[in-house]
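The report below is meant for a reader who meets this structure for the first time.

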Amino acid sequence: MSVKRIEDPRLITGNGQYVGDIKLPEQCEAVIVRSPHAHANILRIDTEKARNLPDVLMVVTGEDLPKDLSPIPMRLAPNEALTKALQYPLAKGKVRYVGEPVVLIVASSRYTAEDAADLIEVIYKPLPPITDVQSAIHPDTAVLHPEIGSNDLFLIHSKRGSVEEQLKSCPYILEEDLYVQRHSGIPLETRGLLAFVDKKNRLTVFGPTKVVHFNHNILATLLKKEPKDIRFIETDVGGGFGPRGEFYPEDYLIPYAALQLGRPVKWIEDRLEHMKATNHSREQKHHVVVGFDESGRIHALKDEIFVDTGAFIRTHGVTVPVLTQGLLPGPYDIQALEFITHVVATNKTPTGTYRGPGRFEGTFVRERIIDMVAKKLNLDPTVVRERNLIKPEQMPYTNGISALGQVVEYDSGDYPFILDAARRAMDWDHFTERKMQAEQEGKLLGLGFAMFVEKSGLGPWEFCEVEMKENGELICKTGLADVGQGVKTALAQICADQLGIPYSKVTVIHGDTDTVEKGNGSFATRGTVVGGSAAWYASAALKKKLLEGAAAHYHIPREELDIQNQKIIQISNSIELGPLEDIVVKCKDQGIDLHEKYTFSIDHMSYPSGIHAAEIEIDSETGKVKIEKYYIAYDIGRAINPLLVRGQLVGGMAQGLGGALYEELRYDDTGQLITGSFMDYLIPSSMEVPEINIEIFENSPSPLNPLGVKGAGEGGTVAVAPAIANAITNALDKYPINITSLPIRPELIRDAIKKGPVRNEEEQT
């Protein structure tokens, strides 16, 4: 049921508390001196002038950190072969990307710390930078991590059936190179931390988000402290989207400085630091070969992928490339698959996850290929999709490819239904007429579709603890984090539905390691699926206790009782026996502990599915793309709160639009980031994001959790780029254009129009 978010009143009235809002007595501030070089040896670091500046409290280099300090470990998709490419909090001896932390400075104020940073003299010996994957894997190129022995750090090879045999029998072969550019999440609030030590030498850290308990344990390990001696407190978050909330070098350095100084230390990342130092994402090159027949049925798909992972392996390990492989087949039943992925090191900022990691990239590649197949055969692209879709009767369906430690197995879904819904919503049957009419008026109109399958509900578990107070209000403690997705509201609704109370009487607590005993956090679209299921079962156990107390009080068997609208109800005749609060008091009097914990475990992910469709108009003079109509259909099994789902889809579409047309973290040949500000790194504004027609379907509940839910956090993002790319190529179907890379720039469109219409398919190719 759609209800208003519990979180909103406090935030929209300016009562949120972000890291920057917290000020403590004797608080000092930190600045990080970062490498200006993409690749260089550090010959000497002179810190004397900075140390002698008044009010400078600490200057730390990599040599000053504990000698037995470990690198920052992997959290997801770890692999022993990659441990030699992990990053230490400060560089020692060599820097490998522009923005790598070299020196930590702490002073009484940010201004003083910045002045001290200007006094640090680092003598570098520049080395040839590696700025793309092809040069990185060339045999004459220097190796960034000698202990691994190659810049081709890791190879992931997956297959199903024999692609080569299928290709031999296919009458048509299509071979194409496609590219997805480097970009990332751009939250309104950049990263920040505040750490302090109390009189008992206990460390408290404000600011960790997303995976609070994991980061808590990692910090304890790196500092060689007992976890009980550290408290993490999650603050409000001005945007997460994947990059924020992971464990970065600063997440060690700031608490370390607080311990050394015995004073509160704050660090807030500026926007340039965010562009240079926070995880980048997306950059992949694909070489695709598909074999298909005259009907458009695809029998074989092979893709060799080169992932630019940057200078180090960060906490995500190889999550992004394994998800690219696992979900690349999408909703299509392709019998022969082969994916070879190279995880390649370059002298760029390390990469991680960003909303829809791996699926944004793979969906663009796959859905462009589908349209290319349709064009080759002169077929309706929606018909080609339809002929290749997995049928509902094939569920559960496995594509045979592993991702995140499990073979991908779609739990449920009706993909043909979703495709039909999009065709109806976009009036596809009459689009050709509308397009011809537009051409007569001098307009270039196009319509494109892109289907997708998402993953959600990553395990292995999540924790919830509930307790009923005497006034009938419920306290729900969850191991999830709130990064803006509405955790408090969704869990309050789940608990309230189970216990027959208003959701406004549920208080959800999260993100404090002193209050919530354990948790895995919020990522991978897992909150409602895994955390919600834990809340459901914990509330069910509590409900059982309440009904047992009511049964004893009313002398009626428990099986005949229920709780509705804060009343105890006799089910057979719907008689209200009394208020719930009375039973709560009776249970307390009987010594019944109205307190339950539950850890919900799950072995397999769930797979929501959907489609994006874009109708666009192109300005033939400027190449500008205007979205006239945009549609998203999404089957998430069951929607706890459709209003929250719509919000996720609209916000996700805006970010996908950025990746499709605007955003790019671009480097020059020397490894310098040349799009490090909003003057150069373009993001869509409210003027560019269109009204979105959204249909939420609940046709395919997941059998893997008690709620039947599938996640909704990433489906708004992953299919935007191919939907728009397919719409543009449809609009320019008479012109020589083949969109194979992102972002789609106006100059590409203008150039195609300037060349004029082509006469035949060969000329267009």
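## A buried lysine and its partner

K435 counts as buried, because its relative accessibility is 7% and the cut-off for buried is under 20%. This value, like the others here, comes from a predicted model. The side chain of K435 meets that of D733 in a salt bridge, with 2.7 Å from N to O. Since K435 belongs to helix α13 (residues 431-440) and D733 to the loop between α18 (720-731) and α19 (746-755), the pair ties together parts that are 298 residues apart in sequence. D733, for its part, is partly exposed, with a relative accessible area of 31%.

## Other salt bridges

How many salt bridges does the structure hold? There are 51, and two further examples can be described beside the pair above. The side chains of R182 and D308 form a salt bridge at 3.1 Å, N to O, and this pair links distant parts of the chain, with R182 in the loop between β8 (172-180) and β9 (192-197) and D308 in strand β14 (residues 298-310), 126 residues apart. R182 and D308 are both buried.

In the other example, the side chains of E462 and R526 meet at 2.6 Å, N to O. Here too distant parts of the chain are linked, for E462 lies in strand β19 (residues 461-468) and R526 in the loop between β21 (506-510) and α15 (527-554), 64 residues apart. Both of these residues, E462 and R526, are buried. Elsewhere, salt bridges with shared partners join R34, R110, E114, R191, E250, E269 and E273 into one network.

## A four-stranded sheet

Four strands, in the order β18-β26-β27-β28, form an open sheet whose pairing is mixed. At its edges stand β18 (444-453) and β28 (692-697), each with a single partner strand, so one side of each is left without a neighbour in the sheet. Ignoring direction, neighbouring strands of this sheet are turned by 10° against each other on average.

Within the sheet, strand β26 (residues 609-618) and strand β27 (residues 625-635) pair in the antiparallel sense over ten bridges. The bridge partner of S609 in β27 is D635.

## The enclosed helix α12

Is helix α12 (residues 415-425) largely enclosed or largely open? Eight of its eleven residues are buried, so helix α12 is largely enclosed by the rest of the structure. The buried residues in α12 are Y415, P416, I418, L419, A421, A422, R423 and A425. What covers them includes α11 (381-388) and β17 (406-410), together with β18, β26, β27 and β28.

At the start of α12, a side-chain oxygen of D414 reaches to within 3.2 Å of the backbone nitrogen of F417. After the helix comes D427, which has a positive phi, near 50°.

## The nonpolar cores

The largest nonpolar core has 125 residues, and those with the most contacts inside it are Y410, I618, Y630, Y631, I724 and I728. Helix α10 (residues 359-377) gives the largest share of this core, with nine residues. Apart from this core lies another, of 41 residues, among them A492, V529, A551 and I640.

Y630 shows which residues can surround one member of the largest core. Leaving aside neighbours within four places in sequence, Y630 is in contact with H612, A613, A614, M653, P690, E691, I692, N693, A719, V720, A723 and I724.

## Two buried residues in detail

I72, found in the loop between β3 (56-61) and β4 (94-95), is buried, with a relative accessible area of 5%. Not counting residues up to four places away in sequence, I72 touches L86, Q87, F247, Y248, P249 and T315. I72 and L222 are 150 residues apart in sequence, while in space they are 8.1 Å apart, C-alpha to C-alpha.

D562 is found in strand β22 (residues 561-564) and, at 18% relative accessibility, counts as buried. Its side chain makes a polar contact, at 2.9 Å, with the side chain of K543. With neighbours within four places in sequence left aside, the residues in contact with D562 are K543, L547, K567, I568, I569 and I571.

Note on methods
Residues numbered from 1 in each chain as written. Predicted model: local features only at pLDDT ≥ 70, side-chain atom pairs only at ≥ 80, totals over all residues. Heavy atoms only, no water. Salt bridge = Lys/Arg side-chain N within 4 Å of Asp/Glu carboxyl O. Buried < 20%, exposed > 50% of the residue type's maximum accessible area, 1.4 Å probe, protein only. Contact = heavy atoms within 4.5 Å. Pairing = 2+ DSSP bridges. Axes fitted to C-alpha atoms, helices over the stretch in contact; angles between N-to-C directions. Polar contact = N/O pair within 3.5 Å; in protein donor to acceptor, adjacent residues only side chain to side chain. Core = buried A, V, L, I, M, F, W, Y, C linked by side-chain atoms within 4.5 Å.
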